[in-house]
Amino acid sequence: MTAYAGSALYLQWVHAGGTVTIHGDFRTCTYEPSVDLYDQTAGADANKSYLSGVKDGRASVSCVMQADGTALTNALKEGTEGTLTISPEGTASGNQKMSFAAISLGARFNMPYNDVVEFQCDFQQNGARTDAVH
């Protein structure tokens, strides 16, 4: 197995207003899948046991804000629906990619005195995730 660096990441957000790529200025990206668990422990059970339920997920990206970067932040306004594609190894043929319908929860800004401005945006998965390759 070959390791790869996070710098290979490619992110794309497709929404009704167009397509934006986020990969150039990102600092971190996380994707957290989850699943509901239903407690099926009964009577004399000595240990808890569960049934897996509905799947879910959430992604978060942190980026360096660029001057006149309004196209990106407008594309990420809270409530905007679209499709997020995360390609951790880049877009070369055979590399992993995951895509899912999502709702942007809006860009949050960190504007420290005498330092670079960053923004962060979270995406709530809104349907099934598709795992594929380029």
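Guide: A polar contact is a pair of N or O atoms within 3.5 Å, one able to donate a hydrogen and the other to accept it. The model here is predicted.

Visitor: What makes the link between the side chains of D122 and S60 a polar contact?

Guide: The side chains of D122 and S60 are 2.7 Å apart in this pair. The cut-off is 3.5 Å, so the pair counts as a polar contact.

Visitor: Which polar contact joins the side chains of D122 and R108?

Guide: That one is 3.1 Å. It too is set against the limit of 3.5 Å, so it counts.

Visitor: Why is D122 called buried?

Guide: Its relative accessibility is 11%. Buried means under 20%, so D122 counts as buried.

Visitor: Where is D122 found, and what is it in contact with?

Guide: D122 is in strand 7, residues 118–133. Leaving aside neighbours within four places in sequence, its contacts include R58, A59, I103 and L105.

Visitor: How do you know that strand 1 and strand 2 pair?

Guide: Pairing needs at least two bridges, and these strands have four, so they pair. The sense is antiparallel. W13 stands opposite V20 in strand 2. A hairpin of two residues joins strand 1 to strand 2.

Visitor: Which residues of strand 1 are on the covered face, and which on the uncovered one?

Guide: L11, W13 and H15 make up the covered face. Y10, Q12 and V14 make up the uncovered one. In a regular strand, side chains alternate between the two faces of the sheet.

Definitions and conventions: Residues are numbered from 1 along each chain as its sequence is written. This is a predicted model: local features need pLDDT of at least 70, side-chain atom pairs count only at pLDDT 80 or more; totals for chains, interfaces and linings use all residues. Side-chain values use heavy atoms; hydrogens and water are left out. Buried means under 20% relative accessible area, exposed over 50%, partly exposed in between (1.4 Å probe, protein chains only). Contact means heavy atoms within 4.5 Å.
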